[in-house]
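Hello,

Here is the structure I promised to pass on to you. Please open it alongside this email, and then read on for what I found in it.

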Amino acid sequence: MLWRRFVLSASTVLAVAAAALGTAQPAGAAGHRYVALGDSYSSGVGAGSYLSDSGDCRRSTNAYPSLWAAANSPSSFSFTACSGATTGTVRSGQLAPLNASTTLVSVTAGGNDVGFADIMQTCVLNSEATCVAAVNAAVVKMNSTLPGGLSALYGDIRSRAPQAHVIVLGYPRFYKLSGTCIAGLSETERAAINRGSDTLNGVLAKQAANAGFTFSGVVDEFTGHEICSSDSWLHSLSVPVSNSYHPKAAGQSGGYLPAFRSAV
């Protein structure tokens, strides 16, 4: 995602994930023609088990699109989400599978447009004041330039897939305040980053509504599982660095998958 950023046979993926999830297939799900778009939060960076043909996009069998497809056996499944994607690169590089027969689309995009990877780097390496200023600058972008990028992306999705149910997923609130962390960022920095995430989700929800799409947030699902909680579903600063501030496999299966499934 945000920040920078089948070969298993289809039958193997379906069997393994369906057994792991133990989830009954909803009525009508098998008829869906599903396309999964977006950034690293949709591709599954941080969740491991990356598809060998996905390269730097790091598409994971543990990502919510793969898990949902494995459990529900849609008529077709195209997974084009890619680490590092912006609204612009989703438009230019991920929309080819969309057509008039597409019935279901998921997408996460927006975090990279406002530079959240750079913000986290700034907050880790610089002063509290510099961190808060970086978040505030990103909030300005969220309210000024991001709506245009989202509107263009959503317009292209609707134009290419006029019959599809499009679900826009949000981003988690990253930190549990007054949590278990005894080092790292200050509470002021953590609170500022959370406010930035909340603002981003608000912009996504508004633009999704304007486009006639469904917004499904994940904040509730991740509550109690933020960084600095006793059971975090998000990587903090980690090795490899690309995993940092991304959902673990548990965050995809316990956070994003229920949020997506409830909106389908």
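**The loop between α9 and α10**

C228 is found in the loop between α9 and α10. Please keep in mind that this is a predicted model. Although C228 is not a glycine, its phi is positive, at about 80°. Is C228 buried or exposed? With a relative accessibility of 5%, C228 counts as buried, because the cut-off for buried is under 20%.

L237 sits in the loop that runs between α9 (219–222) and α10 (249–263). L237 is exposed, because its relative accessible area of 53% is over the 50% cut-off.

**The chain as a whole**

Stepping back, the chain contains 10 helices and five strands. It has 264 residues, and 51% of them count as buried. Its accessible surface is about 10,400 Å², with carbon and sulfur atoms accounting for 53% of that.

**The sheet and the helices on it**

How are the five strands arranged? They form an open sheet in which the order is β2-β1-β3-β4-β5, with parallel pairing. At the edges are β2 (76–79) and β5 (214–216), each of which pairs on one side only. On average, neighbouring strands of the sheet are turned by 20° against each other, ignoring direction.

As a reminder, strands of a sheet pair through hydrogen bonds of the backbone.

Next, the helices that pack on this sheet. One of them is α3 (residues 64–72), which touches β1, β2, β3 and β4 (165–169). The direction of α3 makes about 170° with that of β2. Helix α10 packs on the sheet as well, where it touches β1, β3, β4 and β5. Its direction makes about 150° with that of β4.

**Two more residues to look at**

R58 is found in the loop between α2 (40–43) and α3. Its phi is near 50°, which is a positive value in a residue other than glycine. How accessible is R58? At 22% relative accessibility, R58 counts as partly exposed, because this value falls between the 20% and 50% cut-offs.

The other residue is Q207, which lies in helix α8 (residues 187–211). Q207 counts as buried, because its relative accessibility of 11% is under 20%. Which residues does Q207 touch, leaving out those up to four places away in sequence? They are P147, L150, S151 and Y154.

I hope this makes a handy guide while you look around, and do write back with any questions.

Best wishes

How values were computed. Residues numbered from 1 in each chain as written. Predicted model: local features only at pLDDT ≥ 70, side-chain atom pairs only at ≥ 80, totals over all residues. Heavy atoms only, no water. Helix = DSSP H or I, 4+ residues; strand = E, 2+ residues; numbered from the N terminus. Buried < 20%, exposed > 50% of the residue type's maximum accessible area, 1.4 Å probe, protein only. Areas by Shrake-Rupley, 256 points an atom, 1.4 Å probe, with all protein chains shown as cover. Contact = heavy atoms within 4.5 Å. Pairing = 2+ DSSP bridges. Axes fitted to C-alpha atoms, helices over the stretch in contact; angles between N-to-C directions.
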